[in-house]
Amino acid sequence: MTPARFMGLALVASLALLSGCTAERAPAPPRDRGVPAGGFRLVAFDSCAEALQQLKTAAKAYVGPWGFGPNGDMRTFDNAEQAGAPAGAKRADAAPGANAAAQGDTAAGAAAPGYSGTNTHEAGVDEPDLVKTDGKRIVAVHHGKLYVIDPATRQLTGELKLAPGADGFGGAEDSLLLQGDRALVLLREGWAGMAKPAVPEGGGRPAPADGGTAPMPDDIVGPRLVMVDLSGAPEVIGEYRIDGNLVDARQVGMTVRVVVRSAPRLSFPYREQATDEQRTAANREVIDNATADDWLPRYEVTSGGRTSTGRVGCDRVSRPASYSGTSLVTVLSFDLGVATIGAGDPVTVIADGDTVYSNGPRLYVANDQRWRVLPMPTARNVAPDPKDETTEIYQFDTSGAGAPRYLAAASVPGWLINQYAMSEWGGHLRVATTSGRTWGDKPDSTSSVYVLRADGTTLTQVGKVTGLGKRERIHAVRFVGGTGYVVTFRQTDPLYTVDLRDPTAPKVSGELKINGYSAYLHPAGEGRLLGVGQEASDRGRVQGTQLSLFDVSDPAKPTRIAQYHVKQGHSEAEFDPHAFLYWPAEGLVVVPLTVYGRGAVGKPGAVKDLGSPGLPSNVALALRVGDGGFTEVGTVDHTLGTGRPEDLAPIRRSLVVDGVLWTVSDAGLKATSLSTMKTLGWLRTA
């Protein structure tokens, strides 16, 4: 759980306690009798009037005195957190991808020789990130600016401001996708996906929490997608804005799928002197007076000097049997091969969504239901209701260039850690989840792997493995071909190997117990697996970043053959694998490190004595990995010695272009020779 999400939930709980409310579960939304009870599937509405009426009915059953959510406006807090979340990081334990250049069985040969691509989950399916390269150019975006670098001359060849006033540090993170001479920049802006701010009873313009100017209720607030032409000096050739929250995006060839989550734009005035019953009644009246324009996402397209507006049509909206009406997920499609950005060809589902996975022909949007329940401190040792711990998964056909086509849906017990918990292989979707209570004195959690296959409009369970990591939760998952690797942790780290070759009879084939855990797993050639996570004591106390090399050639007897430990170290790669680089041509592993105090490794080497009391050290650590374990190559830092804030900016990403290691931070980009680890160039962008 991210700190922001935890604080949001804690604040809601505090509001409920202050108002004298007791913790309750959100009321179950009414079931749509137009959907057969025998299967989890989506159907369209017959008309816009029917859509609006059913949305109102569902939302009125869900609204409370504080807005949407049980005993509080939990939906607003949840969306506020997501609006500022880094691209691809859904939770602090979330991770968006793994290297397209080196995915073992899943991604062989995905990147062209000579340069490393973005670390992605599946071969040929790109993911947005803050830096991209195609070998001919490096394109980076941060704080509303786009930079183009020529890796051959190591010169900045283009700069373009995309978001005026976004030069400061902090705030939401931008990302981009690249294809030929086109870049699609994804800017997270506005009060994305949130319900309208509460309006004082006396009227007037609402003020945001940061004291700035709030958007008026009729403004489109949400992500801004900017198409940039890179054939010469970078130039904006189109923009697209839509109500909502940017969840994630995937690119296959010229086609980009963007997933956006939105909420109805409703203002719930707070009446200080009213009772909770009166506030709830007033909020239901607000819902009664809402129109389709208040519910469905609006969008604005600027291209060729013209701006047009539109709204997702009712005919493009589908719903499951049960829904709250408080969240909608929209999948947009854009073609980077044309000179105009288009209207996105939207497809919308009345559901929530926070995890996106795609193998190319199929795109999956998943949502877990944990946040519908507000656990109070007094309920610390009360097990959650199993029906509240389910993950809904929606499958779309994205094999063509047009709008995605909904295929099937499923609901599985438990919750996902990130997109790696899903993987399609041989027509089957494998899903790893954790269920039960992971906190308190008496945790009862356990983890499972489910195997699903499309059966008409339903993803039907055909096999499962349960009972993994009792009283623990999943920290990392990786599926490679017919094998799954699952890491659970509380005090020790069981690494399970799961045999999935027969989807109807999956089974645990091996288990390795060691201290600490891996938060990210990466295939490193035949029979080898890399892990990045934290070392821990026998009691489960974390002790700094560790890299592990596992021998999994015998699935029945996985072993760890090498370990590299940095005391008091933390790496962004532990929760965002876009920060992880594995370059198989040289067996090179590069991870960013932040070391507090004086870090040390198990033996003297590159990062020994890093850091000083009170000040963290930020470096990129380069290692070579072979059968003998890890060999230190060196470190790269971006310290300028200026005393300015960017002097402490951590290195975020690394990539290889023609034998040169490029490292990226908010301060700039540095080129380092892989053969000598000497600095070849420095481009400052801060």
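The model is predicted, so local features need pLDDT of at least 70 and side-chain atom pairs count only at pLDDT 80 or more, while totals for chains, interfaces and linings use all residues. Residues are numbered from 1 along each chain as its sequence is written, and side-chain values use heavy atoms, with hydrogens and water left out.

**Sheet**

Six strands form an open sheet in the order β8-β9-β10-β11-β14-β15, with antiparallel pairing. Here strands are DSSP runs of E with at least two residues, and helices are runs of H or I with at least four, numbered from the N terminus. Two strands pair if DSSP finds at least two bridges between them. The edges are taken by β8 (175-179) and β15 (306-311); each has a single partner strand, so one side of each is left without a neighbour in the sheet. From one strand to the next the twist averages 15°. Within the sheet, β11 (residues 235-242) and β14 (residues 298-303) run antiparallel and are joined by 5 bridges. Tyr240 has Val301 in β14 as its bridge partner.

**Nonpolar cores**

A nonpolar core is a set of buried Ala, Val, Leu, Ile, Met, Phe, Trp, Tyr and Cys residues joined through side-chain atoms within 4.5 Å. The largest has 29 residues, and Ile393, Met422, Leu429, Val431 and Val486 have the most contacts inside it. Strands that each supply at least two residues of this core include β20 (362-368), β22 (405-413) and β24 (428-435). Leaving aside residues up to four places away in sequence, Leu429 touches, among others, Tyr357, Ile393, Met422 and Leu459; contact means heavy atoms within 4.5 Å. A second, separate core of 23 residues includes Val566, Ala579, Phe580 and Val589.

**Helix α2**

Helix α2 (residues 48-62) has 15 residues and reaches 21 Å from its first C-alpha to its last, close to the expected 21 Å. The expected span is 1.5 Å times one less than the number of residues. Its buried residues are Ala51, Leu52, Gln54, Leu55, Lys56, Ala58, Ala59 and Tyr62. Elements covering the buried residues of α2 include α4 (276-288), α5 (292-295) and β16 (317-319).

Methods. Axes are lines fitted to C-alpha atoms, for helices over the stretch in contact, and angles run from 0 to 180 degrees between N-to-C directions. Buried means under 20% relative accessible area, exposed over 50%, partly exposed in between (1.4 Å probe, protein chains only).
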